[in-house]
Amino acid sequence: MSKVALITGVTGQDGAYLTEYLLKKDYVVHGLKRRSSSFNTDRIDHLYQDPHTENRNLILHYGDLTDSLNITRIIQETQPDEIYNLAAMSHVKVSFDTPEYTANADGIGTLRILEAVRLLGLSGKSRIYQASTSELYGLVQEVPQKETTPFYPRSPYAVAKLYAYWITVNYREAYKMHASNGILFNHESPVRGETFVTRKITRAVSRIMLGMQEKIYLGNLSARRDWGHAKDYVKAMYLILQQDVPSDYVIATGITTEVRDFVKMAFAEGGVEIAFKGEGADERGYIASIDEKVFKEKVGGEYLSAMSTKKDKVVVAVDPQYFRPTEVELLIGDPTKSKSVLGWNPEYDLPGLVTDMMTGDIKLMKRESYLRSGGYRIMNYFE
Ligand code: NAP
Ligand code: GDD
């Protein structure tokens, strides 16, 4: 008999990778997806199965974490062995604009799932994974951060996730539920949301190198993050739910890097060297040199002459609108427990992640540019 998993946030970055991973392990996967006025299933379209397919093993349900009745009905209908609660308003900066909604979806949404499992008498059957976050450490009280490090959240997002973390622990202790928190540090991929800093950078750098954009505006270039690859991190989620005893785990690489250095690494993928000058809002990044051989190989010879004219020009600037009212300056995790207890071992390091993201975005932007010019030609033809 195949195991049954329910994934909330199935259309998100992690939801897509986890779905792929569990389907390969022969699971039947039920996914909760929001109704949207335009298609929001891009990341899982390659896995989609038509509702008329016999014996489907990926089934999508409309739903929302703010709707208790809907959550309870779906859990009742699907009777999952494992629930991965990945759905959330996951953007830290946006949570300052939508604090009440964030608390409802990210905080109370977790309670709705736990309580539904309890009310339906599934406490002994359904194991629950809660997508907790390194944002809980916020104004860090210890370096590196581990499972025992005190929390100090710095945004409405992190405060909502703090509630979700503790209500998960509480239901585990009160009702003997197999409910665990994965305290995941930042993890990225070629399908990372476009407004998180890494993807914003890899998209913009690709566009700059292809002549589609002049420069990129960023916020705090000195923030440091412990970045891993989402493909590795969903494996940790799975491992957490395979343990006999539920518990909470830090999932991280143990290496931290400045946003500024991520920018340099992204440009270096195309052989472009960036130098930074100035401080704070006046800091600028400009093109110091271009390795033509690498550029031709990774980006394409036809883009080189346009790129060469940008030498010494500013391609990175700071816009204070991206600063946060309260910032998390430094995150670096200690993954000792997850490595020793779960046997979790990531395949990607940061250079591997940057290469994967840049390769994806250069390809994507070339296609976008081609479609645009193709679209223009077709319009002319009909005119
Ligand atoms: P993501 O790409 O932003 O995906 C979030 C998912 O949640 C999307 O499918 C989104 O649907 C869905 N969603 C949002 N609000 C919802 C609601 N009210 N009801 C139902 N679904 C809702 O996030 P991610 O990077 O995959 O992260 C997955 C989870 O891990 C999140 O809970 C995030 O907070 C947490 N986390 C992420 C990281 C990281 O670095 N990526 C680190 C630690 C923790 P739409 O597609 O319709 O928007
Ligand atoms: N988004 C964004 N845009 N961030 C910027 C920018 C910019 O233009 N410029 C600098 N940054 C800085 C932010 O201030 C922050 O310090 C850092 O880059 C990372 O920002 P994000 O990529 O937006 O991620 P995050 O760390 O705030 O949150 C992500 O990771 C958390 C885990 O620590 C999200 O995925 C959260 O959902 C997740 O919990």
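This is a predicted model: local features need pLDDT of at least 70, side-chain atom pairs count only at pLDDT 80 or more; totals for chains, interfaces and linings use all residues.
Residues are numbered from 1 along each chain as its sequence is written. Local features need pLDDT of at least 70 and side-chain atom pairs count only at pLDDT 80 or more, while totals for chains, interfaces and linings use all residues.

Biologist: Happy to start with α1: how far apart are its end C-alpha atoms?

Modeller: Helices here are DSSP runs of H or I with at least four residues, and strands are E runs of at least two. The expected span is 1.5 Å times one less than the number of residues. For the 12 residues of α1 (residues 13-24) that should be 16 Å, which agrees with the end C-alpha atoms being apart by 17 Å.

Biologist: Nice! At what angle do α1 and α7 pack?

Modeller: Axes are lines fitted to C-alpha atoms over the stretch in contact (heavy atoms within 4.5 Å), and angles run from 0 to 180 degrees between N-to-C directions. The axes of α1 and helix α7 (residues 230-242) are 9 Å apart, and the angle is about 65°.

Biologist: And which residue forms a salt bridge with Lys 3?

Modeller: A salt bridge needs a side-chain nitrogen of Lys or Arg within 4 Å of a carboxyl oxygen of Asp or Glu. For Lys 3, the closest N and O atoms are 3.4 Å apart, and the partner is Glu 82.

Biologist: Is Glu 82 buried or exposed?

Modeller: Buried means under 20% relative accessible area, exposed over 50%, and partly exposed in between (1.4 Å probe, protein chains only). Lys 3 is partly exposed at 35%. With a relative accessibility of 1%, Glu 82 is buried.

How values were computed
Chains are lettered from A and ligands numbered from 1 in the order in which they are written. Side-chain values use heavy atoms; hydrogens and water are left out.
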